[in-house]
Amino acid sequence: MADSVKNRLIILLQDSLKTCIDRGAFEAASPPSIEVEMTKEASHGDYASNLAMILASQAKKAPRKLAEMLCEAIDDGHHILEKIEIAGPGFINFFIKEQVWATLLEDVDTLKGRFGANDLGRGKRVQVEFVSANPTGPLHIGHARGAVIGDVIANILEASGFAVYREYYINDAGNQMNNLGLSVLLRNMELLGKPVDFPENCYQGDYIRDIAKNIAEKFGETYVNRDRDEAVRLYTDYAASVILNEIKDDLKDFGIVFDEYFSERELYKDNGVTGLLHDLEEKGYIYREEETLWFRATAFGDEKDRVVVRRNGDPTYFAADIAYHQNKYARGFDSIIDIWGADHHGYIPRMYAGIQALGQKKESLRIVLVQLVNLLRDGKPVAMSTRSGEFVTMKEVVDEVGKDAARYHFMMRRSDSHLDFDLELAKRQSNENPVYYVQYAHARICSILRLAAEKDRRIPDYAETDLSRLTLPEEVGIIKRLASFPEVVEGAALSLEPHRLTFYLNDLAGLFHSYYNKHKVISDDDGLTKARLFLVKSIRQVLSNALYLLGVSAPEKM
């Protein structure tokens, strides 16, 4: 597999930097990592690097002077550069020879479904923990967005050579679970005609009544008449099992399967949490104030110390989270990724403090925040109320708009940005609907290739194609965009920003539709037809690869 243009440029700059240092042109005891990015304007070239500006303080020279030195020392042995320009305060702009781009399409043809993959991870084990909703009710649309983001991040990391493990943390210990059991018990009593005062803080949804009805039909008054604490435990376990199985089914229908569902209760076995806190206390990371245990989070940069055991002896959620992350590291993961709701933003510093107290590097844990979803119908808000139990579930959204549309629309913004999800737009079969627009591009190309076959036009391989025939600016633009796909995947893996794939797909589909509306693919010019058939075949492959990473289908007919 040939190196991407970006990687070739990084190597050129690395060699140039070494040459300058060896010549004594300037000093750089700690050479910076070299960044090369695609430019947004053609007048600035194809790629640009800010190396000279990053190097300036260390080399004690003006950025433009450094840029001149670096450019003068570049040895373009592979002849990929049309020219190099220095712009602004010291940006180095690279203009790539047009014929170079077409050669990169050989990888699309030979690698097919693997085009875009890379070896960034080199087999390192990474755990991605996401969704992790309490098993106290069905998943709602906020969970759905986090579910897709976590799953697509996992897909991208797998494509980047990581050994990925998907995990769901079941919060099945604590007061919220007791509240679940009590809620079902009281509804069960109602069904059996017993007088009940149903507290406002109990779970209100219809699903609670459904579970209670199921228990009443199966067991009658068997559990109702037991000791209240025992009855609550029995109802808690039964209800949690029912809800968790429904959660698993809903996630599977959404295209998401976990390697493990990890129970919080496992952490408390054999005094696991208590033993860990004792170890941390011996190391000086936990101290006592009367009956309360505090974790020295401030020792690791947090704004204040955090309670890990309350005065009544109950451990906090944070205590369990430290134990859970210790468990993760003990299983041998090289890095850990947590996908959290944006309301947990303030929790991040203490979690970083917690893993450092465990002896782990802060960089080994990465946390991705997922913002809220505003559900709309034709631009108007859909009312939701978790208090009354009248909230829109993930299943309802997937059932209404379909798995593909739901997954794609949840990925259309950065995870830390609020998202407007319009149900009617997601169902619309028009260019206004991004997922339809992209899938239609794939189906349209499949139709072109079928037509070519009907006309006995064989779809050519790279070796049979004269890509120099593709001279239109639109064609060159498409080729450049196709060639950049591996960089998009690598960038999404490094940044944990899966929305880059939808941005890329929207752009590529737009380039194709615009091109196809202006130019014939199949014509009387055999050489040009071959080149254009190869081009659209390549577009189809890349569209398919990107959609696969999103967990969205690539239909051949629409």
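The side chain of D227 reaches the backbone nitrogen of D229 at 3.2 Å, a polar contact (a pair of N or O atoms within 3.5 Å; within protein, one must be able to donate a hydrogen and the other to accept it, and residues adjacent in sequence count only if both atoms are side-chain atoms). This is a predicted model, where local features need pLDDT of at least 70 and side-chain atom pairs count only at pLDDT 80 or more, while totals for chains, interfaces and linings use all residues. Residues are numbered from 1 along each chain as its sequence is written, and side-chain values use heavy atoms, with hydrogens and water left out.

D227 sits in the loop between α8 (206–219) and α9 (228–253); helices (H or I, at least four residues) and strands (E, at least two) are DSSP runs, numbered from the N terminus. With a relative accessible area of 48%, D227 is partly exposed. On that scale, buried means under 20% relative accessible area, exposed over 50%, and partly exposed in between (1.4 Å probe, protein chains only). From D119, D227 is 108 residues away in sequence and 59 Å away in space, C-alpha to C-alpha.

Where does each one lie, and is it buried or exposed? S132 belongs to the loop between β5 (125–129) and α6 (141–159) and is buried at 14% relative accessibility. N271 is found in the loop between α10 (265–268) and α11 (272–282) and counts as exposed at 55%.

Now to helix α20 (residues 499–518), which holds T502. T502 is buried, with a relative accessible area of 0%. A polar atom of the T502 side chain lies 2.8 Å from the backbone oxygen of H499. Leaving aside residues up to four places away in sequence, T502 touches Y408, M411, M412 and L550, where contact means heavy atoms within 4.5 Å.

Two packed helices are described by the angle between their axes and the distance between the axes. Here the axes are lines fitted to C-alpha atoms, for helices over the stretch in contact, and angles run from 0 to 180 degrees between N-to-C directions.

| Partner of α20 | Axes come within | Crossing angle |
|---|---|---|
| α19 (residues 485–495) | 9 Å | roughly 155° |
| α18 (residues 473–483) | 10 Å | roughly 155° |

The α19 angle makes that helix roughly antiparallel to α20, and the α18 angle makes α18 roughly antiparallel to α20; angles under 35 degrees count as roughly parallel, over 145 as roughly antiparallel, 65 to 115 as roughly perpendicular and the rest as oblique.

On the α18 side, E474, E475, G477, I478, R481 and L482 meet Y504, D507, L508, L511, F512, Y515 and K518 of α20. These residues divide into seven nonpolar, one polar and five charged. On the α19 side, F485, V488, V489, G491, A492 and S495 meet R500, L501 and Y504 in α20.

Definitions and conventions: Nonpolar A, V, L, I, M, F, W, Y, C, P; charged D, E, K, R; others polar.
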